[in-house]
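Thanks for coming. Please have the sequence and the structure open.

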Amino acid sequence: MGNAPANELSEKSIETRRIATAVGAEVKGIDLKRPLSSAQVEDLHRALGENGILLFRNAELTPEQHVAFSSQFGELEAHVIGDFALPGRPEIFVVSNVKEDGKLKGAVYAGQYWHSDLSYMKTPSLGSLLLCREMPEIGGDTMFANMYMAYDTLSETIKQFIGGLSAVHDYSHAYDTYFAHLKERPPLTAEARARTPPVEHPMVRVHPVTRRRALYVNPGFTKGIVGMPKEESQPILEMLFRHSTRQEFIYRHKWQVNDMIFWDNRCVMHYALADYDFSVRRHMHRTTIAGK
């Protein structure tokens with residue numbers, strides 16, 4: 001990004017427009033290739049917390065520019081599976097069904113279940129920025145669910161019940177369930193499992209920016225409730241999973257090449273739909289902002 005001047009500060013330097021009733025806003029008025037001012041970074045942090053996802057159209061960024069823009073929002077963290085990283089850029093996680101010389105260029109079938117990125121880490125991710133490089137003309141959409149709304153619409157009885165509970169999150173849960181029969185996603189190695197032991201997080205979390213409460217469980221990585229046997233916790237979790245993915249809580253994004261979406265893992269779940277011809281190229285780059 002060189003010594004390019006920062007985006008000019010003004011009340012209108014960042015414009016947001018809601019793109020759905022449930023969740024999401026499009027951001028206009030900034031040059032993604034130039035440094036942001038501290039005020040703009042703060043404005044975008046708040047817009048992210050308030051809207052759940054931020055959409056940037058026409059984000060024609062090189063990998064270096066993608067990393068530079070993302071780094072303005074916090075420290076970047078590499079994915080636990082290094083094989084999915086962009087060569088020379090460990091900060092970029094590649095989501096792809098593209099093969100070169102018979103080898104996949106990234107993680108195939110990634111995110112094809114409801115989840116919040118890195119909820120299985122001791123300190124979960126703040127957010128993720130996914131940049132669309134190639135996309136089928138039909139299909140390949142991503143759905144986002146508003147977990148503020150999921151919490152707000154629970155009965156007061158359930159809110160009180162889960163308010164003091166924690167849940168177990170485990171990366172291996174996705175491999176033991178969703179990926180179990182996919183030859184392209186072999187089982188986690190012992191080393192990867194050792195780096196991602198099960199962790200516990202409150203089932204309801206308070207967003208540090210908006211101070212709103214959000215339901216914090218997801219089908220991909222949440223495998224139980226602390227202090228409960230599976231036969232008790234599973235029906236409760238399944239009820240919460242069904243509730244949090246009600247149609248009125250969801251925005252479905254149809255990707256265009258060079259779309260970039262910044263989503264807030266603290267208050268949003270997402271699901272990559274496998275509704276496209278897998279012989280057609282779908283190639284994405286993702287950076288991940290570390291939590292605090």
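Cys 267 counts as buried, because its relative accessible area is 1%. Buried here means under 20% relative accessible area, exposed means over 50%, and partly exposed is in between, with a 1.4 Å probe and protein chains only. Cys 132 is buried as well, at a relative accessible area of 0%. How many disulfides are there by the rule? The count is 0, where a disulfide is a pair of cysteine sulfur atoms within 2.5 Å.

A word on the source. This is a predicted model, where local features need pLDDT of at least 70 and side-chain atom pairs count only at pLDDT 80 or more, while totals for chains, interfaces and linings use all residues. Residues are numbered from 1 along each chain as its sequence is written, and side-chain values use heavy atoms, with hydrogens and water left out.

Now the chain as a whole. It holds 7 helices and 18 strands; these are DSSP runs numbered from the N terminus, helices being H or I of at least four residues and strands E of at least two. For 292 residues, a compact globule would have a radius of gyration near 19 Å, and the chain agrees with that at 19 Å. That radius is taken over C-alpha atoms, and the globule rule is 2.2 Å times the number of residues to the power 0.38. Along the principal axes, the C-alpha atoms fill a box of roughly 55 × 50 × 35 Å. Of the 292 residues, 54% count as buried. Among contacts with a separation of 6 or more, 82% come from residues 24 or more positions apart, a contact being heavy atoms within 4.5 Å.

Three strands form an open sheet in the order β11-β10-β14, with antiparallel pairing; two strands pair if DSSP finds at least two bridges between them. Why is one side of β11 and of β14 left without a neighbour in the sheet? Strands β11 (199–202) and β14 (222–225) stand at the edges and each has a single partner strand, so one side of each has no neighbour there. Strand β10 (residues 166–169) is joined to β11 by 4 bridges, and Val 168 stands opposite Glu 200 in β11.

His 169 is in strand β10 too. Is His 169 buried or exposed? It counts as buried, because its relative accessibility is 0%. Beyond its neighbours within four places in sequence, His 169 is in contact with residues including Ser 119, Tyr 120, His 201, Tyr 216 and Phe 221. The C-alpha atoms of His 169 and Asp 275 are separated by 27 Å, and these residues are 106 apart along the chain.

Another strand to look at is β3 (residues 53–56). In a regular strand, side chains alternate between the two faces of the sheet. In β3 both faces are covered: Ile 53 and Leu 55 on one side, and Leu 54 and Phe 56 on the other, are all buried. Strand β2 (residues 25–28) pairs with β3 in the parallel sense over 2 bridges, and Glu 26 stands opposite Leu 55.

Last, a lysine. Lys 159 lies in helix α4 (residues 156–163). It is buried, because its relative accessible area is 13%. Not counting residues up to four places away in sequence, Lys 159 touches Tyr 151, Asp 152 and Leu 154.
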